[in-house]
Amino acid sequence: MFETNNFYICFFGPTKIFFFRTFTSNPMNRRTPSPLPNHSTPGAPTHIPFGLRGHQLFSIEEVPRGLACDCRCPACGAQLVAKKGARQAHHFAHYRGSACPDALETSLHLKAKEIFERVRRVAVPAVFLHRQTSPIFDAQLLRFERVRLEQHLGSVVPDIILEAGQKKRLLVEITVSHSSGKAKIRQLKKQGLSAIEVDALAIYRQLIQDFGQFRAADFEQVLIHGLKQKRWLFNDKQQRIEYKLRKQSAERPVKHRYFKGYHGYIVPGCPLEKRRWGSGFRQGEPYANLWQDCLYCHRRFDIIYETALAGFEEVRQYPLAVVCWGHLPLPRAIGWASSV
Ligand SMILES: [Zn+2]
């Protein structure tokens, strides 16, 4: 959308829609209305995309305008009014204007769970090994047979548990305000549970920004098929492969070299043959330059340093060895037939 002082032009799909608005008469009116509700301002009215009628969530386009919508706030239970005006994206608001900071988050959270329970499908982002640029799993749409909501799995209570067959299991966390913390990820690791996180609030904001309106069908589409607002919290297969690679990796000693007034660190016998000696008694043998090759190498796990005690602390001195898996073959991509 292009905005100027007096009018804005909206390109929407293949057809062009022109809106002309004159704000010149009163300078106070120059503020162009934003379709995006302002959630960062405290005390600003909350825009709610879904209202609760009985136990069912209704989106704004499914209900009549005003109080006739007969919906209640999913967070506090207060009466809602359906606002379907021309200026802002259609939304529900509290009839009595009560402050309800959780209304948006709660309604998105409930709706996302309802969608997953019904659809039992989710597209997941690709999985990359440590420092790798080609994925071991491609981004794919996964289908599941069973859904469990808010149930204990050891010490973890994920929002959604998707299951297929005996072994295939994926946890889905719906985030609306806070991303999952380190403690949660640690628990997932401990129990070997693969989990993705979906940012429902980011989807909501993106939809309103892109289309100027929020439609439940678009939300469902992006929630299931979108990849941008999803990330892996933990992937069990990835961790297993990386663990194996680390076990099999080699510690290659680093040699100090002083040449023409410059200190250098080289790693003889680089399996990827980054460089070769051009002359001297090592002529033809491969090596790597620690800072120029190994530091950015995709097959390096770690650099081990000699340390010294300085002021009660171990501080790094000089590089001793490189933990490298360049001699191992690249792990094969893994099919989705196996457990996630
Ligand atoms: Zn409320």
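**Contacts, cores and confidence**

Trainee: Among contacts between residues at least 6 apart in sequence, what percentage join residues at least 24 apart?

Mentor: This is a predicted model, in which local features need pLDDT of at least 70, side-chain atom pairs count only at pLDDT 80 or more, and totals for chains, interfaces and linings use all residues. Numbering starts from 1 along each chain, following the sequence as written. A contact means that the C-beta atoms of two residues, placed from the backbone, lie within 7 Å. Among contacts between residues at least 6 apart in sequence, the share joining residues at least 24 apart is 53%.

Trainee: Where in the protein is confidence highest?

Mentor: Confidence here is pLDDT, the predictor's score for each residue from 0 to 100, and its mean over the protein is 85. Helices (H or I, at least four residues) and strands (E, at least two) are DSSP runs numbered from the N terminus. Strand 1 (residues 2–3) has the lowest confidence, at a mean of 44. The highest, at 97, belongs to strand 15 (residues 250–253).

Trainee: How many contacts beyond four places in sequence does the model have for residues 1–33?

Mentor: Across residues 1–33, pLDDT stays under 50. For that stretch the number of contacts beyond four places in sequence is 23.

Trainee: Which residues does Tyr-204 touch, not counting residues up to four places away in sequence?

Mentor: Tyr-204 is one of the residues with the most contacts inside the core. With neighbours up to four places away in sequence left out, Tyr-204 touches Pro-49, Leu-108, Phe-214 and Phe-219.

Trainee: What do the buried residues of helix 4 pack against?

Mentor: The buried residues of helix 4 (residues 216–225) are Phe-219, Val-222 and Leu-223. Seen down the helix axis, they fall within an arc of 100 degrees (taken from the directions from the axis to the C-beta atoms), so they line one face of helix 4. Ala-217 and His-225, on the other side, are exposed. The buried residues pack against helix 1, strand 13 (195–199) and helix 3 (200–211).

Trainee: Is Asp-70 buried or partly exposed?

Mentor: Asp-70 is found in the loop between strand 5 (56–59) and strand 6 (80–83). Its phi is near 55 degrees, a positive value in a residue other than glycine. Asp-70 has 14 C-beta neighbours inside 10 Å, so it counts as partly exposed.

Trainee: Is Glu-150 buried or exposed?

Mentor: Glu-150 is found in the loop between strand 10 (146–149) and strand 11 (160–164). Glu-150 also has a positive phi, of about 50 degrees, although it is not a glycine. There are 10 other C-beta atoms within 10 Å of Glu-150, so it is exposed.

Terms used
A nonpolar core is a set of buried Ala, Val, Leu, Ile, Met, Phe, Trp, Tyr and Cys residues joined through C-beta atoms within 7 Å. A residue is buried if 20 or more other C-beta atoms lie within 10 Å of its own, exposed if 12 or fewer, and partly exposed in between; C-beta atoms are placed from the backbone.
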